Amino acid sequence: MASPAGRTRSVRARDARWRGALAVLDELRRHPGVTRADVARRLTLSTGSATEITARLRELALLSETPAAATGRGRPTTVLNPHPDGPVVIAVDLRQEDWRCAVAEIDGRPRVSEEGRHGSRHPARVVAAVGEAVRRVHDRLGGRVRAVAVAVAATVRHGGVVQSATLGWGAVDLGGLAPAPGLPLLVGNDATLAGAAEARYGAAVGTGTALHVTIEVGVGGTLVVDGLPIEGATGAGGEFGHLPLGDPELRCPCGALGCWDLAVDGRAIARHLGEPPPRDPRSYAQAALARAEEDPAVRSAVGRTASGFGRGIAGLINALDPGIVTLGGFAEPLRAAAPEEFAEALTDGLMRFRRADPPPVVAATLGDDGALHGAAALALDRVLTEEGLDAWAADHTG
Ligand SMILES: [Zn+2]
């Protein structure tokens, strides 16, 4: 235990110490496998300061250093890695058919430890099955676990699920996923978290304002500014699928009329073909794309759907002014299946001044792992703070 005088000294030293430490840890998150010399150069730290900060971080089991391969020039340096006994977060992705539970060290890269399919989508059963997996990880890693974050295919408000057409849920309490009292449990919409992950690690790296749009059952996404999703006053923002860009006669399961959701997924393709609404719009849409080449009626239905999607993307670009648009889930295959219809609707929907220089619309690069990366990032944002490092240091110094 520190004496009162010692404590005062350490409190004074703390702010400056964590500022440098957090900057170094942030470099490790952005550039896994980074060397100490590169971190020093990027943060304009002297070699001495960088060495001092990394030594403290090693002592606190926050990172480890291994000799870097010699490059022939410059002084020898080290590669910075997460410490083998360092803090971790648990990231969960709760999807329509299945779930995955992963562990991420402070470099933020989730490694899946368990996964399973929903035997039943009854909320209590899903929470019980996933909660057991989370508890097994917590039992194994104990105090190293500092936070749990859940990406869920649902509308999230005030940190809780309010509804999910995908899972057939109303309001559901996910509190049962917390493995221990006092451990932060963070819940986020899967498309929102995937968008944050694309901005930090994927196709939108380096663009300050990025729009992510994904199609699964309906449309989801988010505007991300400097790596943080814009979530609105209660966290339920980014529900782009419920903009009235669809048929104003059609009632959406969300309760609103004319939602874009109904104009862009498998339900739209089925409607254009005069078929009943599919039970699983995602797999119906994929099957339709596979049939489109041989069947002109299906090709035309896919084209109309891609056009409805492009028109909405134009509206979002007009409204939000992103520097890049990333497409996740079924969005990119839909565009690729009918590129001309998509491009024409997009261009026609853009305000004239935007047409000469529209933002690039590109495929997301993290694929199905986007939401899991985003959940890990959300949890680490909570852990890698002044308070989070204080708490960790308190547990790791005598
Ligand atoms: Zn709706």
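Does C252 count as buried or exposed, and at what relative accessibility?

1. **C252 and the model.** At 4% relative accessibility, C252 counts as buried. The cut-off for that label is under 20% relative accessible area. Keep in mind that this is a predicted model.

2. **The zinc site.** C252 is one of the residues that coordinate the zinc ion. The donor atoms are ND1 of H242 and the SG atoms of C252, C254 and C259. They sit at 1.9 to 2.3 Å.

3. **Geometry at the zinc.** The 4 donor atoms subtend angles of 103 to 115 degrees around the zinc ion, so the arrangement is tetrahedral. The ideal angle for four tetrahedral donors is 109.5 degrees.

4. **Donor spacing.** Along the sequence, the zinc donors follow the pattern H-x9-C-x1-C-x4-C. H242 and C252 each lie in the loop between β12 (228–229) and α6 (261–264), so the pair ties together parts that are 10 residues apart in sequence.

5. H242 has 26% relative accessibility, so H242 counts as partly exposed. C252, by contrast, counts as buried.

6. **Aromatic pairs.** The structure holds 2 of them. One joins W260 and F309 and is stacked, with 5.8 Å centre to centre and 20 degrees between the planes. This pair links distant parts of the chain. W260 is in the loop between β12 and α6, while F309 is in helix α9 (residues 296–320), 49 residues apart. Both W260 and F309 are buried.

7. **The F309–F342 pair.** The ring centres of F309 and F342 are 5.7 Å apart and the planes stand at 40 degrees, so this pair is tilted. It too links distant parts of the chain: F309 in helix α9 and F342 in helix α11 (residues 339–349), 33 residues apart. F342 is buried, as is F309.

8. **The ring cluster.** Taken together, ring pairs link W260, F309 and F342 into a cluster.

9. **Helix packing.** Which angle do the axes of α5 and α13 make where they cross? The axes of helix α5 (residues 190–201) and helix α13 (residues 370–383) cross at roughly 80 degrees and come within 7 Å. The two helices are therefore roughly perpendicular to each other.

10. **Residues at the helix contact.** From α5, the contact is made by D190, L193, A194, A197, R200 and Y201. From α13, the residues are G370, A371, H373, G374, A375, A377, L378 and D381.

Notes:
Residues numbered from 1 in each chain as written. Predicted model: local features only at pLDDT ≥ 70, side-chain atom pairs only at ≥ 80, totals over all residues. Heavy atoms only, no water. Donors = N, O, S within 2.8 Å, 3.2 Å for Na, K, Ca; no water. Tetrahedral: all angles 85-135°; square planar, octahedral: opposite > 155°, others 65-115°. Helix = DSSP H or I, 4+ residues; strand = E, 2+ residues; numbered from the N terminus. Buried < 20%, exposed > 50% of the residue type's maximum accessible area, 1.4 Å probe, protein only. Phe/Tyr/Trp six-rings, centres within 6.5 Å; stacked < 30°, edge-to-face > 60°. Axes fitted to C-alpha atoms, helices over the stretch in contact; angles between N-to-C directions. Parallel < 35°, antiparallel > 145°, perpendicular 65-115°, else oblique. Contact = heavy atoms within 4.5 Å.
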